[in-house]
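Let's explore how two protein chains sit together, one question at a time. Have the structure open beside you as you read.

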Protein chains: 2
Amino acid sequence: MSDRTAAAPGFPITHRNRVRRLHERGRYDTAAIYAILDAAMLCHLAYVIDGQPYATPTAFWREGDRLYWHGSSASRMLRAQSEGIPVCLTVAHLDGLVLARSAFHHAVNYRSVMAFGRARRIEDPAEKLRAMTAFVERFFPGRTAALRPPTTQEVKATAILGMRIEQASAKRRIGPPVDDEADYVAAVWAGVIPLATVVGEPSPCPRLPEGMAPGPDLAAYAPGRRLDAALAKNRAMMPDAEP
Amino acid sequence: MSDRTAAAPGFPITHRNRVRRLHERGRYDTAAIYAILDAAMLCHLAYVIDGQPYATPTAFWREGDRLYWHGSSASRMLRAQSEGIPVCLTVAHLDGLVLARSAFHHAVNYRSVMAFGRARRIEDPAEKLRAMTAFVERFFPGRTAALRPPTTQEVKATAILGMRIEQASAKRRIGPPVDDEADYVAAVWAGVIPLATVVGEPSPCPRLPEGMAPGPDLAAYAPGRRLDAALAKNRAMMPDAEP
């Protein structure tokens with residue numbers, strides 16, 4: 001990934017987000033970074049409480065250069081993050097196992113983003129309600145129209161956090177193994193075993209009336225489809241969606 | 001997940017690993033924790049450098065109560081971790097989207113583990129070589145027999161880090177949505193859209209001789225198979241494999 005375009009809009013490169021290892025795989029332009037973020041639902045949030053680092057998996061979404069996640073108002077993680085502490089939000093897609101002809105050159109194909117910022121809790125109830133709606137709409141476009149509005153108590157019990165991306169970098173590996181020239185003669189299978197997260201057959205709630213089928217809000221999640229493609233498609237339907 | 005068995009071998013529960021939110025989903029017994037770890041290849045490592053938290057995705061493996069990962073000797077992350085700094089190694093499997101009848105009760109099905117310890121770098125070349133071999137064997141049992149041994153330079157260029165699990169907790173959600181009683185009449189599809197990471201058709205290296213098929217070391221990765229099942233199967237073949 002050495003094709004970083006200097007003219008493309010991107011994030012400032014500092015000691016924090018500079019890709020050091022295999023830097024030819026690193027990118028800093030927003031298009032590359034947003035594409036990887038928008039193909040994901042799950043991120044891992046790194047934060048520190050009393051010197052102890054934590055990596056917490058959570059669902060997240062992006063609006064412009066802001067990332068949002070949510071949880072319970074009673075969550076220790078979210079309470080700590082409310083203070084404006086630095087966080088690192090990481091997304092990784094595992095795309096394949098790379099089988100090389102020496103142990104040293106084994107690898108994985110992947111796409112990843114590390115985004116840095118300071119978590120801020122959204123306190124304003126109206127803004128919280130908007131974000132709760134955006135969360136559902138980002139993953140299931142049109143679904144909120146079929147749901148009752150959240151109650152005051154539900155808004156209260158929900159904590160929404162967000163951060164502006166101050167810095168970010170994307171990294172990826174694609175393609176076949178790269179072996180030492182002398183090793184290509186080795187009599188061992190080499191190549192890539194692709195991996196993808198895919199959608200299964202929907203399993204209706206046991207209390208759902210007979211014959212009710214998933215609505216258009218779930219159309220992207222057709223059985224057999226790649227999750228990253230479904231998520232990217234739904235992200236593109238957000239009103240604010242930008243590259 | 002309220003079926004924690006007090007008598008089962010497990011990790012000590014302290015302020016660091018106690019599952020606070022939805023604690024009925026939390027478990028501390030090694031069987032539950034190891035099963036989730038052993039079904040994964042990718043973890044996210046949280047660590048702190050100069051007050052800044054990072055979550056770095058990386059491949060890892062388990063031997064007993066020890067977790068290992070590797071990287072380049074030149075990596076900033078691994079150099080920092082060599083000092084014995086506290087880390088949190090997190091694994092998350094995203095198993096499904098849970099569609100409820102109110103925005104508030106939407107959820108995901110998942111299995112996750114957070115493991116805490118102090119990273120130690122393996123300095124001894126013989127122990128490093130053993131770990132490099134274990135890394136390949138854990139994912140591709142029998143493969144090292146077909147590979148040339150790593151060179152002294154390759155061993156030198158590889159950093160292997162490990163940690164003893166001091167504390168850990170597992171968390172999971174399974175099953176259909178749980179809605180407020182009054183909402184079950186809502187005319188909206190509710191249920192679970194299952195997700196799984198699956199193996200694709202192997203893509204041979206362009207420089208592989210015609211007609212060479214993947215060997216028995218890759219048997220677990222049959223096209224269409226779930227990655228978690230393949231990884232768990234291969235983990236069970238490790239000589240030290242314990243529950």
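Q: How many salt bridges are there between chain B and chain A?
A: This is a predicted model, and here a salt bridge needs a side-chain nitrogen of Lys or Arg within 4 Å of a carboxyl oxygen of Asp or Glu. Side chains of opposite charge can pair when their charged atoms come close. Over all chains the rule gives 26 salt bridges, and the count between chain B and chain A is six.

Q: Which residue of chain B forms a salt bridge with A:Arg207?
A: Look for a carboxyl oxygen of Asp or Glu, since that is the partner the rule asks for. The closest N and O atoms of the pair are 2.6 Å apart. The partner of A:Arg207 is B:Glu181.

Q: How far apart in sequence are the parts that A:Arg62 and A:Asp38 tie together?
A: The side chains of these two residues, A:Arg62 and A:Asp38, meet in a salt bridge, with 2.8 Å from N to O. A:Arg62 lies in strand β3 of chain A and A:Asp38 in helix α1 of chain A, so the parts tied together are apart in sequence by 24 residues.

Q: Which element gives the most to the side of chain B that touches chain A?
A: Several elements of chain B each supply at least two residues to this side, among them β2, β5 and α4. The residues of this side divide into 53 nonpolar, 17 polar and 14 charged. With nine residues, the element that gives the most is β10(B).

Q: Which residue in β10(B) stands opposite A:Ser203?
A: Strand β11 of chain A pairs with β10(B) in the antiparallel sense, over two bridges. Opposite A:Ser203 stands B:Val192.

Q: What area is buried between chain B and chain A?
A: On this interface, 84 residues of chain B are in contact with 84 residues of chain A. B:Phe104, B:Trp189 and B:Arg207 supply 9% of the area that chain B buries, more than any other three residues. Carbon and sulfur atoms give 68% of the buried area, which is about 7400 Å².

Methods
Residues numbered from 1 in each chain as written. Chains lettered and ligands numbered in written order. Predicted model: local features only at pLDDT ≥ 70, side-chain atom pairs only at ≥ 80, totals over all residues. Heavy atoms only, no water. Contact = heavy atoms within 4.5 Å. Buried area = accessible area lost by both parts, 1.4 Å probe. Helix = DSSP H or I, 4+ residues; strand = E, 2+ residues; numbered from the N terminus. Nonpolar A, V, L, I, M, F, W, Y, C, P; charged D, E, K, R; others polar. Pairing = 2+ DSSP bridges.
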